[in-house]
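The following note sets out several points on the fold and its charged side chains. Please read it alongside the coordinates.

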Amino acid sequence: MNTSAATSIPVTLIGGPTTLIEYAGLRIVTDPTFDLPSSYGPDVTGYEALTLVKTMPPAVTPEELGEVDVVLASHDHWDNLDAAGRKFSADVPYVFTTDVVAKIVPNAEPLAEWQSRTVRAPNGGTVRFTAVPAHHGPDGIWQAIGPVIGFIIEAPGEKTIYISGDNSDVDVVREVARRFPNIEVALLFVGGPSFEGLGPHCITFSDETATEAAAVLAGATIIPVHADSWEHFSQTTASMKKLADERGVGDRVIALVPGETAVV
């Protein structure tokens with residue numbers, strides 16, 4: 001659905017997995033996390049002996065952000081949808097997410113993998129949002145801690161965007177790219193997070209797997225996100241770009257810091 005004359009898209013990293021995408025006149029927020037630095041223990045995370053620690057506030061507050069048209073919430077984990085993010089989402093006209101989050105956020109609409117919904121754009125056209133698979137960790141783990149989805153955003157005359165969500169499986173990216181061969185912008189959730197008992201496995205992209213995914217998405221501009229603001233990340237957007245440079249795909253990678261905007 002894209003064309004070579006597609007309009008440019010501002011993408012602002014708010015912090016962690018939270019971005020603002022200005023697309024076809026719509027203001028779209030991914031995985032809203034607006035809490036101040038906090039600690040989330042097992043009573044919140046739902047996992048014994050697991051405490052998540054947020055280290056930085058968002059670069060942009062909900063009040064500063066202003067009106068938003070669409071929220072894309074990949075799943076129900078506190079580093080992807082925190083308390084302030086849930087409150088924020090409840091006031092947004094369209095929230096597309098998993099069936100679990102749809103039970104938490106009023107008026108949110110669950111999407112199964114490969115299911116699409118459209119939203120009317122200010123110019124009278126439509127923007128289509130499609131849920132795509134995301135494997136949040138190695139086999140045997142992602143089935144237990146899901147459901148998780150990523151998203152495709154597309155509209156006539158606009159660039160097609162892929163949002164990976166908390167995916168760690170490059171084969172998933174290959175399948176998404178096969179079904180959507182015109183992806184021009186990809187937000188990859190990186191940071192190399194791992195936990196005790198997983199061995200060398202990460203539950204989102206590491207620098208290595210993100211670079212492999214960037215190679216699969218040939219020609220797409222890559223924006224790594226979800227590598228800041230939380231203690232459990234072992235890598236950064238800058239380290240992902242460094243490896244991508246070494247592997248010959250870094251010219252397509254834009255490593256933002258919270259508060260920074262790229263126009264792609």
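1. Buried here means under 20% relative accessible area. The model is a predicted one. In helix H7 (residues 207-216), the buried residues are Asp-207, Thr-209, Ala-210, Thr-211, Ala-213 and Ala-214. Their cover includes helix H6 (170-179), strand S13 (183-189), strand S14 (221-225) and helix H8 (237-246).

2. Eight helices and 15 strands make up the secondary structure of the protein. The radius of gyration is 17 Å, close to the 18 Å given by the globule rule for 264 residues, so the protein is as compact as a globular protein of that length. The C-alpha trace spans about 50 × 45 × 30 Å along its principal axes, and 56% of the 264 residues count as buried.

3. On charge, the protein carries 16 positive and 34 negative side chains, with the centres of the two sets 7 Å apart. The salt bridges number 11.

4. Glu-154 and Arg-128 form a salt bridge in which the closest N and O atoms are 2.7 Å apart. This pair links distant parts of the chain, with Glu-154 in strand S11 (residues 149-154) and Arg-128 in strand S10 (residues 126-133), 26 residues apart. Glu-154 counts as buried at 4% relative accessibility, whereas Arg-128 is partly exposed at 32%.

5. Arg-247 is partly exposed at 45% relative accessibility, and Glu-208 is partly exposed at 32%.

How values were computed: Residues are numbered from 1 along each chain as its sequence is written. This is a predicted model: local features need pLDDT of at least 70, side-chain atom pairs count only at pLDDT 80 or more; totals for chains, interfaces and linings use all residues. Side-chain values use heavy atoms; hydrogens and water are left out. Buried means under 20% relative accessible area, exposed over 50%, partly exposed in between (1.4 Å probe, protein chains only). Helices (H or I, at least four residues) and strands (E, at least two) are DSSP runs, numbered from the N terminus. Contact means heavy atoms within 4.5 Å. The radius of gyration is taken over C-alpha atoms; the globule rule is 2.2 Å times the number of residues to the power 0.38. Lys and Arg count as positive and Asp and Glu as negative; His and the chain ends are not counted. The place of a charge is taken as NZ of Lys, CZ of Arg, CG of Asp or CD of Glu. A salt bridge is a side-chain nitrogen of Lys or Arg within 4 Å of a carboxyl oxygen of Asp or Glu.
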